[in-house]
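Please look through the sequence and the 3D structure shown here, and keep them at hand while reading the report that follows.

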Amino acid sequence: MRLTVAQALVRFLAVQYTERDGRRQRLIAATWGIFGHGNVAGIGQALLESGPGAMPFLQGRNEQAMVHAAVGWARQRGRLSAHAVTTSVGPGATNLVTGAALATVNRIPVLLLPGDTFATRPADPVLQQLEVPYAGDVSVNDTLRPVSRYFDRITRPEALVPAALQAMRVLTDPVATGAVTLALPQDVQAEAHDWPEEFFADRVWSVRRPRPDRAELAAAAEAVRGSARPLIIAGGGIRHSAAGPALAAFAEATGIPVATTQAGKGVLPWDHPAEVGGVGHTGTDTAAALAREADLVIAAGSRLTDFTTASATLFQDPAVRFLGLNLDPFDAHKLAARPLVADAREGLAELREAVAGYRVDPAYEAAYTAAKAAWEARVDRAYAVPASDEDRPPTQTQVLGLLDALVDDTDILVNAAGSLPGDLHKLWRARSGDQYHLEYGYSCMGYEIPAALGVGLAAPGRPVWALVGDGTYLMNPTEIVTAVQEGVPLRLLILDNHGYASIGGLSGAVGAEGFGTAYRFRAPDRTYTGDPLPVDLAANAASLGMAVIRTRTIGDLRKALAVAREADRPTCVYAQTRTPDTVSGPPPAPAWWDVPVAETATRASAAQAREEYDRQAAQRRRHL
């Protein structure tokens with residue numbers, strides 16, 4: 001069959017499928033694109049020729065945002081279906097780098113198809129070519145190598161066959177998945193070739209569920225049976241494996257409490273008896289206290305990042321040991337853990353059988369149950385709206401309380417950066433396994449709106465909320481236009497606090513005094529301490545096609561959220577928030593996070609912050 005390289009690639013992608021647990025679905029469900037001279041006559045023409053039935057097309061506005069939307073889709077689909085993203089050569093391609101890093105860090109599949117400079121070099125240099133005197137084969141696309149799990153440049157038509165197969169292998173590998181890049185020189189895209197018919201046959205990629213090794217399972221069971229104060233830390237691997245029911249069964253059989261990372265929150269509903277909330281710097285007091293006293297930590301599907309481990313200060317029992325249940329041996333061995341390398345669902349099910357009859361002491365179970373109840377009372381106080389507050393602007397935690405009172409288990413919340421992740425991890429009461437969509441592996445400002453678009457496409461009919469501060473909104477609002485175009489009724493909740501509130505707070509804590517974090521005019525002393533900038537984010541959202549509801553008070557906001565939830569078009573609720581006070585504010589961080597402070601400084605704030613830093617850092621441990 002004689003086709004161009006681009007036509008062959010589109011036809012190949014249209015017949016790739018995944019299968020897990022007997023369910024088959026399309027691997028590349030759609031292609032996002034922005035066209036320029038590097039892909040318009042290649043991939044662009046091929047998508048036009050294939051038609052929307054073979055390869056649905058989605059028109060993006062920003063290359064980074066297209067990747068975020070693809071990540072939102074893939075995460076919502078359990079990493080079993082992905083999107084492709086095509087861009088021109090040059091700035092279109094390099095704009096993919098941040099999105100690619102986010103996908104790879106979070107291990108979410110996305111296929112990147114950037115245009116590239118001419119393979120045949122008919123003129124040298126051509127427009128947007130990066131000239132490297134010592135290497136003729138380097139282009140700007142090489143910036144994607146370190147943030148891709150697989151990278152290839154298709155310089156000859158026949159090279160597409162092995163490269164495309166390798167790309168699909170990586171996309172469907174639950175350990176190796178992430179951003180996959182096939183760089184496509186613009187002349188090669190348009191070159192014709194005689195392709196074997198077999199290349200276009202339906203191909204099913206089976207997503208593995210490896211079972212644990214017998215010896216590792218026996219050692220893991222021994223560790224559990226020998227523990228008096230075990231704690232499970234459930235990460236994103238539980239969600240990706242659809243292992244929530246297996247985790248619930250294990251916790252119910254053993255009485256072991258379950259704390260969750262940002263990626264794992266929601267794998268047990270908030271009111272499950274064993275669920276004790278988020279763990280680490282942004283977690284709950286209940287989980288932090290259990291982690292400090294645990295003699296066995298079972299890290300299930302977690303990468304054990306610094307936020308989770310409180311920068312290696314959280315686990316304080318001298319005899320604490322770790323059990324790493326993870327599909328990736330790299331993660332399973334972290335903190336010198338006993339590894340249990342397996343699919344999370346299969347590993348939990350077999351470990352439950354291996355420890356049959358084991359249960360924690362009733363006093364331990366009673367203690368964490370009481371601590372959890374006390375924490376939920378604190379959440380109620382943080383969410384509370386006194387009658388005197390009804391006509392005042394809300395605090396951020398009161399906003400979350402109003403939303404908490406409105407949603408049910410069909411709603412999905414999308415967030416990634418700022419102060420919201422900390423408040424949500426502590427306070428939000430997740431009702432379903434996919435309600436809590438936090439991108440905190442890369443914590444990328446600007447992720448929320450395009451990701452919510454991707455989630456909305458993947459979960460039609462469900463209310464999807466993008467929660468953003470003003471700083472995040474200004475980073476990347478462009479896919480509002482796409483949501484309007486595609487008729488995806490995403491709900492955008494903008495909390496305007498006139499600056500980078502999260503980093504402003506951190507800046508104050510580390511002796512930098514909030515420098516450069518407020519959105520204000522310059523004062524006479526040239527600092528940014530003047531009046532707030534007259535920026536109208538609500539007007540901006542309206543100009544991009546959203547229905548906008550402005551609110552000034554808690555009473556306004558309560559009504560606006562209810563209207564937005566029932567909306568059938570993209571709708572923005574705009575709320576200016578006030579500083580938390582003693583009536584309603586988030587509980588402080590229950591555990592440390594390592595942000596190095598100046599070792600020597602002339603300003604008193606930095607010197608004081610360094611004293612606190614040294615005190616906290618002294619608790620750091622190397623778990624061997």
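The count of salt bridges comes to 36, where a salt bridge is a side-chain nitrogen of Lys or Arg within 4 Å of a carboxyl oxygen of Asp or Glu. This is a predicted model, in which local features need pLDDT of at least 70 and side-chain atom pairs count only at pLDDT 80 or more, while totals for chains, interfaces and linings use all residues. Residues are numbered from 1 along each chain as its sequence is written, and side-chain values use heavy atoms, with hydrogens and water left out.

As a general point, side chains of opposite charge can pair when their charged atoms come close. The table lists three of these pairs.

| Salt bridge | N to O distance |
|---|---|
| Arg 229 and Asp 317 | 2.8 Å |
| Glu 513 and Arg 603 | 2.6 Å |
| Glu 566 and Arg 565 | 3.5 Å |

Arg 229 and Asp 317 link distant parts of the chain, 88 residues apart. Arg 229 is in the loop between helix H8 (214–225) and strand E12 (230–234), and Asp 317 is in the loop between helix H12 (306–309) and strand E16 (321–326); here helices (H or I, at least four residues) and strands (E, at least two) are DSSP runs, numbered from the N terminus. Arg 229 is partly exposed, with a relative accessible area of 28%, whereas Asp 317 counts as buried at 14%. In these terms, buried means under 20% relative accessible area, exposed over 50%, and partly exposed in between (1.4 Å probe, protein chains only).

Glu 513 lies in the loop between H21 and H22 and Arg 603 in the loop between strand E23 (571–576) and helix H24 (604–617), so this pair ties together parts that are 90 residues apart in sequence. Glu 513 is partly exposed, with a relative accessible area of 44%. In the remaining pair of the table, Glu 566 is exposed at 59% relative accessibility, while Arg 565 is buried at 13%.

Salt bridges also link Arg 20, Asp 21, Arg 209, Asp 343, Arg 345 and Glu 346 in a network. Arg 20 stands opposite Arg 23 in E3, and strand E2 (residues 16–20) runs antiparallel to E3, joined to that strand by 4 bridges. Which order do the strands of this open sheet take? The order is E3-E2-E11, with mixed pairing, and two strands pair if DSSP finds at least two bridges between them. The edge strands, E3 (23–26) and E11 (203–206), each pair on one side only.
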